[in-house]
Amino acid sequence: MKVYANTGGLIGSAPFICANAGNSGIYAKPERANPAGRIKDRAVKSMPDDTHADCRRSKVFRLQTSHKTNPNSTEAPPYAAITAVQDGATEKRERKKMKARLTVLTALIAAAAIITVSCKPAVNNESSAFEESEASDTEVSEEYTEYTGEVTTYTDSQRAKCLFTVTPLYGDDGVIQRETDITVWGTADKSLEGRRVYVSYDGSTVFGTVTNGSWKAVLPAHGMLREGTQLTVTCDAQSLVFENVRCGDVYLASGQSNMCYYVEYLSGSSRDNINADCDYPDLGFLIVPDQTSTVALDTFESRAGWVIPSSKTIAGYHISSTAFLFARELYKAVDIPIGVVVSAYGGSPIEYWIDSAHVAEYGLHGYTYPADNCWNSMISPLRGFSFKGVIWYQGEGNAYDPGHYTEYNSALVRMFRDIFGNEELPFIQVGLPSFSETDFSEIRLAQLEIESIGNAWTTVNYDTGNPDDLHPTDKLPVCIRLADMAKEKIYGIDSACTYPAVKSYSFDGSTVTVVFDSDVTLPDEAVTSLSACDADGNPLTVTVTSSASDTLVFECSGVACELRCAMDARCLPNVITGTEDGLPIRPFVITAE
């Protein structure tokens, strides 16, 4: 059996045994446990059929004892009382079955008694030692004793009655990040100061101590868990139980309005596509309310908690259409539970998402830090949670002043990596689609520069969108490209994500020859994404022909000084694409020396 604690040893002053480890209460689970959490011990298997069935129906049996357990003894300690906590069964019915249950409990107690007091689990997927909160300066007394009375369990709407809280990042139907330590935290009433908070999940139990009204505990890393189990948090006489908590890959989806664009706002082909293919029980979405704050917050009020997409929930719960389509397309390839925490705010410039500490650290030029910002209210409460990667759809709000976007974008990625404790955290952003009313050309070029910091990529989308609508309702092409980039770069799955880039070029009067880093293909009609000018800035007409699979020759109506691709507000409909994946070439500006 495994019990994780900062001091090692048994939980409190007495062992607690749970016949169905998925239920509430303080407990330690045997190593042999199935994904649903039911103990596979011989004693349980030998139980009478009706008693075994009762255990499966969420009855928790807790042995309470004042006997101090000798960890070197295999003899079960004497019991003082047995409390049966059940749903709907009467005390009389429990007494009739007590004899059979005592047999089981005695066997389980004997197993608990052999837990070694000194427990130093290795830092790997099997175990991890709990470290007390950095904010804590209070040591727990060796004579500290745990509460041993009956525990009240709160679920669903009753959780508000509990004297302690858990960050809303954990909840029913949630997804937590696999293969990394799992930090769980929250707040507690002053009456619980100095008390221990126990967190149990899939066979692991750890604890933290309430210090200055807050607590934190760190569960060891877990592998993928498709069939969700309970996450139980217990302090003294109260317990919070979260059902169907899966373990998979979790992404942060952030940015502005096109990231938080709800499914119910969609129309046309993307909406039809979602309606026909939206039932995915392995997915989960959590929406952080779009708000600003002048101070850094530790939590947020979730609108609906974690939502599993289905025909009944896909519209009406403010699920991001971009996040859903990304997660769905990714899930089809990786077959791993995917969770997405959506934290996006319409109209927000990139400056609103960077905290003051990183503004100072990176010395951002031309930056006026807004006191009322999105970082305080929508990113700060996420600190401590683990993510597989970040997807980012933003830039429209900075089109009016794109000069420093490269610098800000780089600081944003480094900030995410710092606060989430992952120096290699993958970052994928949406290159802005076509829109005729605002010039996104400089932003598109700046977005591509992010790749220089490593493990960060930009998809190219100027051939998509609606030139007459800042919020294109056909999100599917953009999201397929996001998912393909993640599949290729994060999971190593061969996918369509090659956007040819300029390798070399030469100017010769009115002729410009460009060599790309991969083969390119011309459209059947005249290319609409090109522009050129002479030395005085006068526009020139451009025609293009192919001289080799990776080389294009551009003929201009005069002596060319500059050639631009995808730098006009309206780029649709005919663009140059890569031969391999059929994706558009990367935007570029080249000039004669």
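Reader: What makes Glu-361, Asp-418, Glu-423 and Glu-424 a patch of negative charge?

Author: In this predicted model, Glu-361, Asp-418, Glu-423 and Glu-424 gather on the surface. Asp and Glu count as negative. Like charges are joined within 9 Å, given over 30% relative accessible area and no salt bridge.

Reader: Where is Asp-418, and why is Asp-418 called partly exposed?

Author: Asp-418 sits in helix 10, residues 405-419. Its relative accessible area is 42%. Buried means under 20% and exposed over 50%, so Asp-418, at 42%, is partly exposed.

Reader: Why is helix 10 called largely enclosed?

Author: Eleven of its 15 residues are buried, so the rest of the structure largely encloses helix 10. Among the buried residues are Tyr-405, Leu-412, Phe-416, Arg-417 and Ile-419.

Reader: How do you know that the span of helix 10 is close to the expected one?

Author: Helix 10 reaches 21 Å from its first C-alpha to its last, and 21 Å is expected at 1.5 Å a residue. Just after helix 10, Gly-421 takes a positive phi of about 65 degrees.

Reader: Which phi value does Asp-335 have, and what makes Asp-335 partly exposed?

Author: Phi of Asp-335 is near 55 degrees, positive in a residue other than glycine. Asp-335 lies in the loop between helix 7 (321-334) and strand 12 (338-344). Its relative accessible area is 41%, so Asp-335 falls between the 20% and 50% cut-offs and is partly exposed.

Reader: Why is Asn-455 not called buried?

Author: Buried means under 20%. Asn-455 has a relative accessible area of 26%, so it is partly exposed. Asn-455 is in the loop between helix 11 (441-448) and strand 15 (456-459).

How values were computed. Residues are numbered from 1 along each chain as its sequence is written. This is a predicted model: local features need pLDDT of at least 70, side-chain atom pairs count only at pLDDT 80 or more; totals for chains, interfaces and linings use all residues. Side-chain values use heavy atoms; hydrogens and water are left out. Patches are made of residues with over 30% relative accessible area and no salt bridge: like charges are joined within 9 Å, nonpolar side chains (Val, Leu, Ile, Met, Phe, Trp, Tyr) within 5 Å. Accessible areas come from the Shrake-Rupley method with a 1.4 Å probe; for residues, only the protein chains shown count as cover. A salt bridge is a side-chain nitrogen of Lys or Arg within 4 Å of a carboxyl oxygen of Asp or Glu. The place of a charge is taken as NZ of Lys, CZ of Arg, CG of Asp or CD of Glu. Helices (H or I, at least four residues) and strands (E, at least two) are DSSP runs, numbered from the N terminus. Buried means under 20% relative accessible area, exposed over 50%, partly exposed in between (1.4 Å probe, protein chains only). The expected span of a helix is 1.5 Å times one less than its number of residues.
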